[in-house]
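Subject: Structure handover

Hi,

Here is the structure I said I would pass on. Have a look at it first, and then read my notes on the interfaces below.

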Amino acid sequence: MAKVDLTIEICGMSGDGTIAAGGILNEAMSRAGLSVLAFDSYPAEIRGFGRCVTHSRFGDQEMQALSEKTHVLISLDDKESQSRTPFLAKNAVVLFDNKPPSYVEEGTSIAAHVEPDVRLFGMPFTDLAAAASGSTRGRNLAALGGFAVIFGVPPAHFREVIAKKFKAKGEKVLDANLKSFDAGYRYASEAFKERERPVLLLPEPGKDEERILISGNEAVARAALDAGLKLYFGYPITPATPIMEYLAKALPAKGGRMVQMEDEIASIGAVLGSFFAGKRAMTATSGPGFALMTELITHGVMSETPAVIINAQRGGPATGMPSKTEQSDLQAAVFGGPGDSARIVIAPTNVRECYEFTLMSFQLAERYQTPVIVLTDFFLNNRVEKVKIVGASEAQREDWNLYPDESSRGQYERYRVTESGISPRAIPGTEGFLFDATGLEHTEKGRPDYSSEIHSKMTEKRHRKIRGALNDLPEPVEFSSGEAMDVGVIAWGSTFGSALEAVLRTQQEGMKVGALKMMSLFPYHAEAIRAFMKKCKEILIPELNYEGQLANLVGHLHGKDVVRLNRTTGMPMSPTLIYERIKTLI
Amino acid sequence: MKTSGKVLAEQVKKIGESKVFSIRSPSLPTWCPGCGYFGIHQGLNNAIQRLGLPHHKIVVVSGIGCAGRYPFFTDTYGLHTVHGRTLPVSTGVKLANPELTVFAVGGDGDGLGIGGGHLPHIARRNIDVKYLLFDNSIYGLTKGQPSPSSPVGFKTKASPQGNKDAPLNATLLALSYGASFVARLFAGDPEGITRALVQGIGHKGFSFFHVYTSCVTFDKEYKTWDHLKQWVHPLPAKHDPANLKQAIDEALEDQFSLGILYKRME
Amino acid sequence: MSEEHFIVIGNGPAGHHAAVTLRLEAPGARITLISKEPHGGYRPHLLPKWISGNIKEEALYVCPVEEYKNMAIKLRSGQKVVALNPGQKELVLDHKEVLRFSGLIISVGGTPRIPEPLLIFKDILFTLKTLEDARVWREEIPRVDSVLMMGGDLTSLAVTKALLGLGKKVYFMVNEEAFWPLRWSLSLFEEMSHRLQQKGVEVLADQRVKGITRKGDCDYEIQIGRQTVRVGMIGAFFGLTPDVRFLAASGLRLDRGILVDEYLYTGFKGVYATGDCAQIYHPALRDYWVSVGHDNAVELGRTAALNLVGNTVKAGAAGKCIFEVQGIKVNTSWWTEF
């Protein structure tokens, strides 16, 4: 049973410093020793316009998913905050500005829109900030001061974060901001003295300094840098753009370069060219960009050239919903493009795995001489978690290319059929091992050849090679209640977190339910999946796509039809939805 | 004068030992006899020999078309990619290992049609790739359709009433995209190609070689060898390759003057 | 806004039942019930039973908070009215939100009264009016063995019963001002003392508090007349003062509470006052009387609501037992409680 499990939203209009306040809150609560899972929502296309809502979940234990109910709402703009009141949990705390500049008509205040069980805490953020710093800008920080009092969070955590964040903006700004926070804290300490306050039971300090708050995007970028990436080729597309921008800043310092190409086709082309010439490169995109890349991806498969592609899925099809989450590119990632073009597809389920899998993808691409696709989604890319990232070990950075050995000098066959299917790959610049890579079907020497014999042989070789990657790919992980279960839930990507939360809940209630975390989508570990399915009467596969793309991929391994749970709401799947569905199957 | 068989055999042996043709791969080109690509092949091979470029440090990147097969016929590293994407792939290769000499080769369909969107950007970035555009104003591999550089009125199976679209001027495009080295050449003059290539290979930056050539199998009326030989002529003697405006005017007004139209000073 | 908007200020027994009655009588009207306490409506007269542990907290509440929604009554809990303009038919909440109404019932109740001479001891005296107060009693009582009860209003008798039930020693200083402005008759005083003593309460004869000294944590010495009493906790039960300071500038006729006629009408169209905060005119007496006790409050709440929607019901009092205070028959049901 978690001692702390608090979901906090800050809602305001753009210009209210909502997002900044959310960031400070995340950092401060993280310093207080809590785990963090934060996922902001902004308006779709245009920043700087309209409603901003930050959404963070804090706990003393790891969290897998967002909670459906909000326990604390900090309203920086009552009109916008009204949209958030339907999500308030019972006895939620609402912190609002109780001294608007003038009297307001009934219904304008957030106080008119909350249920009677909601605990309202009013304080004059605007006045406090103005009095303390001469400007109302710091009202968001005054509000955080009030929050700290209500929940008993040591103000030092907030002050340290504010100091760090605004140091670069100069003494005056930093001072004003600290003053605003302090004013809010002082006021609340006095005003809420007598009130019953839900003070948090914070963990012992100093237990996890190694963990940092980062987003999925940042985790991907960092992993690439830690893998020794020197070249990134990309094109702006929501939600992958931050990866490109992070690397644009970080690569030059490492002697590398980020090149913004003219389109996604050019991006993948350059990545393949780079790996062909022996250097790790990467590109990140989303559905529409990925679609453009498919021809060249299959070229990578046919010419056996490595590549690393991050596909950060969003609402589809076509331009779809750029700022909403979905899991509808699985089919495209595994099968997209002409021909039998099996390649490696892996999908992280949380921010830590975004780091690990990106790191791993370079080695997989090199060893199996194929494009590797890392499938993330908007939710993963944009959410912030407190993660332990200590950099890559020697082993994780190791070069996994298989170079030809001396014995084949002068008689080198680039596509020699081997037992593993992996043919040693010479790198241009190496004397004695010249070859031509091609997207046409070819002989072992690499000469174009369309004969039935060659195509059969080489197709089989390429597929055998990819299947061999199962040895290096993360196996599915089971979370089972026992050897015989009523329901087994198989999920991938960020939906797994929601599924796990639902399954753990059912297990706590004594139900015989298990979960299987699938991370390698292709090739997939059929044996392990089948073994899990055998233990379960029913298999439930929840995913954020309409057809049930994972169900289509692995459902056949089960003795009978799997149960599908499909949602295309653009929002992460709710654990409660999965929980309720599990119950109907028992 | 007939040479005796023995003398001939010795001469062949000497040539073989001299490694002059070692740049050629064992595979025989699959182009039609009389194809202009042979001339380009000779021109490029000679440039490589003349400069003594080590073969293992050369990468030839090609697209799709008759020119796509090019890498197979040279004894270097080769990368035969998909249609129209030679330039971005070359960019990746060169940035990954700047010590390689990277040649990008492709036809007018590959470079001006599907690949047209990539030319401006490799030029703007001035990536040190040597791009040879084999311009025969036709899609030959797919058996004769009009290309982006085909003239108005050009009749093919795909344009039975005659092509209606105005042709693109590849040299003019390259210049307006900011390419730092632009040469216009003729497949019927391999030595001219070699000379320009030697300069271009030495140039540090994107080098564009627009090569007119003939498709003897599918174009019997426009870019025939006869026509091309009549049309081409050298650049005026007073042409100043350091003058961009002059180069652009030249490209606009005279489509068949050959030589190095533009070379940006470092 | 063509629809009726009825507002009830105060969610005690009077306010709660006023709101419920309004809902029954005017099914189409919009009803807002404003309560400065953050809880749903609860029964203050049951607090002593909660203090003694005889009932659970859930039993205090009149209904679950969801019920208000079911009755389509908008409960604004934890929100306070700071100003009222009955003529303009608008009121202001403490966060500057202005609410307009077509009908208003003021049932704000009262706050525990501490007589003038005892005000200096305000900080150490325990009163009991709200749920929060009761929580404080529940926390404090386990720390003490003996309690001095001063006053003698209705609540004090129920609390004494609770304390006896918890095994505490109880001293009781009955003060004739307990029912202020009404005064005890001597016979009533004697009867009450007798009953208390029967239950084991030590009733103190004198009423003059000479001094209170804090001897330590939960340890007080009180000098009453010539007697000295040592206890762990001191409670003050001197009745309630109507909580009407916020109405000072409203234009309503105020004395200690809100002056209303026998129909609970304030004189401003659509504005009524009821429950402990009202002083109700009694035509026979040609003077004002006050309500005492839970059942009266409930009845008065209903009456105010009925009258607001157009009826003419005279304010009466509930209960079966009658006792006399100052020659006036006062109906109350508390006596049988004890």
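Putting chain C and chain A together buries about 1800 Å², with carbon and sulfur atoms giving 46% of that. Buried area here is the accessible area (1.4 Å probe) that two parts lose on being put together, summed over both. In chain C, the residues that lose the most area to chain A are H95(C), K96(C) and E97(C), which together make up 33% of what that side buries.

Before you go further: this is a predicted model, so local features need pLDDT of at least 70 and side-chain atom pairs count only at pLDDT 80 or more, while totals for chains, interfaces and linings use all residues. Residues are numbered from 1 along each chain as its sequence is written, chains are lettered from A and ligands numbered from 1 in the order in which they are written, and side-chain values use heavy atoms, with hydrogens and water left out.

**More on chains C and A**

Counting contacts (heavy atoms within 4.5 Å), 21 residues of chain C touch 23 residues of chain A. The rule finds 4 salt bridges across this interface, where a salt bridge is a side-chain nitrogen of Lys or Arg within 4 Å of a carboxyl oxygen of Asp or Glu. One to look up is E105(A) with R100(C), at 2.6 Å from N to O.

There are also 13 residue pairs in polar contact across the interface of chain C and chain A, both residues at pLDDT 80 or more. A polar contact is a pair of N or O atoms within 3.5 Å; within protein, one must be able to donate a hydrogen and the other to accept it, and residues adjacent in sequence count only if both atoms are side-chain atoms.

Which elements of chain C give two or more residues to the side that touches chain A? They are β2 (30-35), α3 (65-70), β3 (73-77) and β6 (97-100) of chain C. Helices (H or I, at least four residues) and strands (E, at least two) are DSSP runs, numbered from the N terminus. That side of chain C divides into 6 nonpolar, 5 polar and 10 charged residues. For those classes, Ala, Val, Leu, Ile, Met, Phe, Trp, Tyr, Cys and Pro count as nonpolar, Asp, Glu, Lys and Arg as charged, and the others, Gly among them, as polar.

Strands meet here too: β6 (residues 104-105) of chain A runs parallel to β6(C), joined by 2 bridges. Two strands pair if DSSP finds at least two bridges between them. V104(A) has E97(C) as its bridge partner in β6(C).

**Chains B and A**

Of the 2 pairs of chains in contact, A and B share the most contacts. Chain B brings 32 residues to this contact and chain A brings 38. About 2800 Å² is buried between chain B and chain A, 64% of it from carbon and sulfur atoms. F72(B), Y77(B) and R125(B) supply 23% of the area that chain B buries against chain A, more than any other three residues.

The count between chain B and chain A is 1 salt bridge. E262(A) forms a salt bridge with R125(B), with the closest N and O atoms 3.1 Å apart. Polar contacts number 16 residue pairs between chain B and chain A, both residues at pLDDT 80 or more.

On the side of chain B that touches chain A, β2 (77-80), α3 (86-96) and α5 (119-125) of chain B each give two or more residues. The largest share, 7 residues, comes from α3(B). That side divides into 13 nonpolar, 14 polar and 5 charged residues.

**Inside chain A**

Chain A is assigned domain 1 (5-209), domain 2 (213-397), domain 3 (403-473) and domain 4 (477-585); the bounds come from an automatic or database domain assignment. Between domain 2 and domain 3 of chain A, about 2000 Å² is buried, 61% of it from carbon and sulfur atoms. Their count is 3 salt bridges, and E304(A) and K461(A) meet in a salt bridge at 2.9 Å, N to O.

Cheers
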